[in-house]
Structure formats: C-alpha cells, structure tokens
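Here is a walk through one model, element by element. Keep the viewer open as you read.

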Amino acid sequence: MAGWFSCVCAQAQVVSPPSTQPSLYPPLEDTTDNKQFLQSLKRISQKKTLFGRAVKALVVFKPRRIEGPVENTLLPATHAQHNYKVVRSIYFKRLDAFGYSINDTLALPDNSLERLGNALHMRTKRNLLRNQILFKEGDLLEPLDLSESERLLRQTDYLLDARVLVNDSTSTKDSIDVVIVTKDVFSISGSGSASTSGTRLGLRDINFMGIGHQFRTNYRFGLSEPQTWQFLGSYYIPNISHTFISAELLYQNTHYYKQQSLSFRRDFFSTDTKYAGGASVAWYQTLIPDYYEQGEGENGEGGEGQVINHIPLDYNIQDFWIGRAFRLKSYDLAMDNPTRLITAARFMNIQYTQGSGPTIQSARLYLTAFGFSFRKYYKDQYLFGFGRTEDIPAGNLIALTAGFEDGAQKNRMYLGVKAAFGKYQPNFGYLYGGLEYGSYRYQNSWEQGVLTSEALYFTPLYRLRNWRWRHFLWNRASLGMRRPDLFALDIDQEDGIRGFSSGAVRGYRKFVLNYETNFFTPLTLLGFRLAIIGFADLAWLTSIQNKSPLKEKPYTGFGMGLRFRNEFLPINTIQVLLGYYPRLPLVNNQQDFKLFQTTRQYYEFNDLRFTQPLISEFR
C-alpha cells in the first residue's frame with residue numbers, strides 16, 4: 001500500500017496509466033503546492049529526536065502515485081484473441097498489503113510501519129488463488145475465463161485487487177502463459193470500547209493463516225439485566241476444494257435475539273455456472289415487535305401514543321434448494337451466449353415452538369422458480385472505494401416463483417414475479433431498476449401481498465484536476481396489500497433516513513428517496529483517504545390501508561460529513577456525519593441535529609444474479 005502513512009500534505013504527481021490499460025480520460029494533475037512545508041518536515045525527520053522519528057514514520061516524502069482509470073469493458077480485445085488456446089502455465093505474483101501497488105509491481109514498502117504490517121500479515125496461499133480461478137494448466141481457455149476469474153478474485157474479502165494477464169511475449173498461436181497479480185488486504189482487525197453501560201471486545205480475521213477462512217467474534221460484558229453479557233461468533237469457509245461451495249457456522253446470544261445455524265451454499269457465481277444450491281439448519285429465539293395490537297387512531301392510523309409491545313418467538317428452519325442453468329445457443333463460434341434459462345426448486349420447513357400471530361404458522365413450503373438471466377460486468381473506480389477496481393453488474397433478470405404452503409392453520413398457494421435490469425455506460429453512469437410482487441392465494445382471494453420497487457442511479461465520475469466527485473440517487477417503495485401486519489414498515493437508518501431512529505414511526509406503505517454526493521479529495525492522513533459527503537433523505541409513510549404514502553407529509557433528513565477509507569484494512573471505512581431532522585408531530589424523541597458514525601456504505605449493487613426461490617419481503 002503505497003503511502004499508508006502519507007500525510008495530508010503529501011504531494012502527488014501525474015502518473016500515466018499502465019500500458020496494458022488504455023487511458024479513457026485525460027491525465028490526472030495535482031494542484032497541491034506544499035514544497036517548502038514538506039522540506040521543513042523532511043529536515044525535522046532527519047533529526048534523531050523523538051519528534052523527528054515520529055515524523056519519519058508517519059510522513060512519506062516520495063510523491064504519491066495517482067492510479068489511472070481502468071478499462072470499462074467486460075472482454076478486452078486482448079483477451080478475445082486467446083479463446084480456446086491451451087493454458088500452458090500460470091504464474092502468481094502475490095503482493096502484501098502495505099507498500100505495494102497492483103499497477104506497479106516494482107513499488108516497495110518505504111517505512112518501518114509498512115514493513116511491520118506486512119510481517120504481521122500472512123500472505124494469501126497460491127493454492128487458494130488457484131482454487132478461485134476458472135481454469136488450470138492444460139485447459140482450453142473458454143471465453144470470459146480470464147475476465148471472470150479476475151472478477152472472482154477481486155470480489156473476495158481477502159484481496160484488494162487483482163489482474164489476470166496474458167504474457168504475450170511467450171504465448172504462441174495455440175498456447176498461452178497467464179500471469180495473475182493479486183494484492184492482499186491486511187486481514188486481522190480488532191475493536192473494543194468501554195463505558196458505564198458495559199465493555200465490548202471484538203476480533204476478526206478474514207484470511208486466517210492465508211487460506212481464506214474467516215472468523216468473527218464480538219463479546220460484550222458488564223451489561224445491566226436481564227442479560228449481563230452478549231456474544232456473536234462465526235466461522236466461514238469459502239470455496240471448499242474448488243467446488244465454490246461455502247460453509248458457515250454461526251452462534252449469537254443476546255437478550256433480544258439468539259441464533260444457532262449451519263449452512264452450505266453454492267451460488268450462480270459466474271455466468272457459466274450450471275448448478276447452484278444450498279442447505280441450512282437454524283434455530284432462533286427472539287423478541288419481535290407486536291404489529292397487530294398497537295394503539296391506533298381513526299381509520300387505523302397510528303398515533304402519537306403508539307406503544308410497541310414485544311412478544312417472544314421461538315422457531316427452527318430447515319432449508320434446501322437446488323438450481324440448474326441452461327445456456328442458449330450461440331451463433332458466434334468465438335463467443336459464448338451469456339444468456340441463461342434457469343430453473344430451481346426449494347423446500348423449507350418452518351416450525352414455531354413459541355409465539356403466534358396472523359402471519360405466523362408452522363408450515364412446509366414448496367417453491368419452484370423459472371428465470372431468464374443475462375449479466376455482464378464492467379470495471380470502474382471511485383464508486384465505493386478510493387481508486388481500486390470495482391465491478392459493476394449490468395444485464396437483465398426475470399424470475400417467476402410459484403409454490404404451495406402446507407401450514408398448520410391453513411394451506412395456500414404462492415405466486416411471485418420479479419424483473420430487474422442494469423445499464424452502464426462510462427459517459428452515462430449506471431442505472432438499475434427492479435420491480436417485485438408476491439402474494440398468497442387463499443379461499444379464492446389474494447392475501448399478505450407486497451409490491452416493491454427499486455431504482456438506483458449514479459452519475460459518471462467528474463474530475464477537476466485530482467479532485468473527483470460523483471452523485472447517487474436511490475429510490476425504494478414498498479406497498480402492503482391485504483396484510484394484517486399494518487405497522488411492519490419503518491424508515492429508520494438503512495430502511496429510509498440515515499441517522500434517523502424512532503421505533504414509533506411505522507406504517508403500511510412507504511416511498512423513500514435518497515440523494516448523496518461524494519467529493520473524493522487527494523488528501524491522505526495516516527493511510528486513510530478522505531471524501532466529503534452530502535446527503536438528503538426523504539421518506540413518505542402511511543399506516544392507512546389503500547392510501548398512497550405520497551399523500552402524507554414526508555419525513556426528512558439532511559446532512560454532511562467526512563468519509564475516511566483505508567483500502568488495505570478489513571474495516572476500511574469510517575464515516576462521521578452530522579444530520580439535521582426537522583421535527584414532526586409523531587417523532588417526539590428525535591433530535592433536530594444528530595452526530596453519528598458508521599462503517600458501512602449506504603448503497604449496494606444488486607448483482608442481477610438468480611438466487612434460490614424467494615418469498616417477497618415486506619420491509
């Protein structure tokens with residue numbers, strides 16, 4: 001990681017993109033001019049005083065490299081010419097987390113802290129990388145194998161970035177030599193806090209011993225009654241023996257929620273995947289809000305005096321599914337048709353041992369689904385990261401789900417449909433749209449239905465010298481239809497307005513609109529790049545059946561803040577935000593201003609990947 005401990009005043013210089021990746025944008029320039037200040041700091045760092053040694057450890061005086069833009073294509077022409085050649089050899093170039101560059105393999109750590117970080121980190125094993133790619137020595141190279149393998153490597157938690165290249169100097173007409181360059185993430189992280197309400201300790205490793213296994217633990221103690229401690233622990237094994245089957249063991253114990261689960265899963269991880277499936281068993285004990293017995297105003301409208309009671313709910317689930325993808329005929333002998341027809345079946349047994357409600361019953365659920373999937377991936381930068389390569393899904397997805405619920409109280413049919421698309425162009429940006437509907441059929445009428453929609457758009461990346469910015473716009477809507485759980489929807493945090501928290505604001509239908517602008521600065525402090533964030537969130541919510549939420553007065557939140565991101569650590573993002581929330585009659589406990597922090601990004605891509613048959617969620 002070049003410049004892990006770079007100071008905010010570190011000077012950058014223009015660096016051309018690597019020759020293997022043609023530039024799509026004009027060269028980057030740097031407007032920082034702090035030469036005199038840097039020279040003063042450099043003179044101080046050469047002194048053998050305590051302060052001088054601290055400056056030498058924290059400040060990198062060499063120019064910081066600015067990475068050039070990546071190629072925004074799925075299958076470069078340089079890859080297409082190697083289709084159906086024999087893979088003669090595969091060479092892995094593995095880079096440690098600190099001081100190295102994926103685009104400049106000659107870069108080396110230049111201070112003791114970077115070298116110490118690499119010494120504490122165990123580099124990813126070659127066999128794990130070999131396990132993650134779609135070809136091996138002696139194979140005929142299928143179309144998309146190079147680019148899909150690069151994407152699969154890059155989407156792992158333990159790698160920051162990856163390049164899969166062909167050594168053209170040694171390749172022949174019928175065989176090739178492949179070079180794979182990977183850069184690790186520093187996989188170990190810990191956290192802790194102490195206050196009068198309790199103490200928390202956390203530890204995780206997302207690349208245990210360099211073999212890709214992950215464990216997470218979080219322990220809290222010294223809490224007040226009714227439970228003085230809490231624990232969360234999980235162990236995750238990805239891609240067992242090159243089967244792309246993952247396994248996870250999870251245990252969680254808190255006062256409000258207890259879970260024990262074991263699961264195995266294989267997704268349609270690549271466009272060429274034929275079979276997918278999963279199996280899991282889980283036991284739950286939880287306290288859930290009682291959405292059926294709340295105090296109501298006239299016409300079922302929730303009022304200021306709503307009191308949400310919690311009821312105990314204990315249940316266990318056994319879940320099994322399998323899917324098969326069929327490729328369509330291609331009329332181009334050099335290319336594979338990426339369109340797939342997919343069918344899947346699922347069986348789920350849900351057994352409730354405590355708790356009841358209008359939508360709760362022990363049941364055996366049989367589902368089958370048929371889908372049409374076309375997906376591809378583009379590459380871009382400065383979406384959620386600070387210059388690393390990010391994969392953008394595009395394509396289309398249509399899925400039809402039908403099934404039967406054999407319940408303890410009633411038997412009923414289920415029908416659901418989902419359609420989604422994603423479109424990306426470098427000069428347009430990215431647009432995703434999705435629409436989903438699901439409902440049960442009981443006694444000649446539809447019940448417990450939900451209609452959801454989602455739209456996400458982000459603009460192209462704008463540049464002003466070495467500053468960059470991008471805008472995001474996100475819309476979500478959820479409409480309940482003939483449902484008894486009238487108050488199941490909320491607009492808290494990720495479900496509506498970031499930083500907003502009010503358990504009493506719930507409803508039956510909602511419409512949410514989120515806007516965000518990100519300014520990516522050239523500044524670096526202690527290895528963390530800096531971005532300036534501004535946001536505006538609006539949410540319309542109604543608790544009256546058959547009423548449009550847009551007829552209600554919206555809840556609003558506005559704010560700005562800072563995002564610090566270090567791409568080379570497992571917990572790489574820290575956001576400190578100040579939100580302003582104009583007071584509304586139903587939100588007595590909400591503050592006008594709120595300072596809060598978070599480590600997760602607000603937006604996520606929908607991968608347009610066909611999954612197991614699902615029941616549409618009402619959330």
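In strand 5, Thr182 is the bridge partner of Arg94. This is a predicted model, so local features need pLDDT of at least 70, side-chain atom pairs count only at pLDDT 80 or more, and totals for chains, interfaces and linings use all residues. Residues are numbered from 1 along each chain as its sequence is written, and side-chain values use heavy atoms, with hydrogens and water left out.

Strands and helices here are DSSP runs, numbered from the N terminus: E of at least two residues for strands, H or I of at least four for helices. Strand 5 covers residues 175–184 and pairs with strand 3 in the parallel sense, over 9 bridges. Pairing requires that DSSP finds at least two bridges between two strands.

Contact means heavy atoms within 4.5 Å. Why is helix 6 largely enclosed by the rest of the structure? The reason is that 10 of the 10 residues of helix 6 (residues 145–154) are buried. Buried means under 20% relative accessible area, exposed over 50%, and partly exposed in between (1.4 Å probe, protein chains only).

Two residues stand out by backbone angle. Tyr382 has a phi near 55°, a positive value in a residue other than glycine. Tyr382 sits in the loop between strand 15 (363–380) and strand 16 (390–407). Its relative accessibility is 4%, so Tyr382 counts as buried. Leu608 also has a positive phi, of about 55°, although it is not a glycine. Leu608 is in the segment after strand 28 (593–598). At 0% relative accessibility, Leu608 counts as buried.

Last, look at Trp283, in strand 12 (residues 275–289). Is Trp283 buried or partly exposed? At 46% relative accessibility, Trp283 counts as partly exposed. Leaving aside neighbours within four places in sequence, Trp283 is in contact with Lys258, Gln259, Gln260, Tyr315 and Asn316. The C-alpha atoms of Trp283 and Ser261 are separated by 6.4 Å, and these residues are 22 residues apart along the chain.
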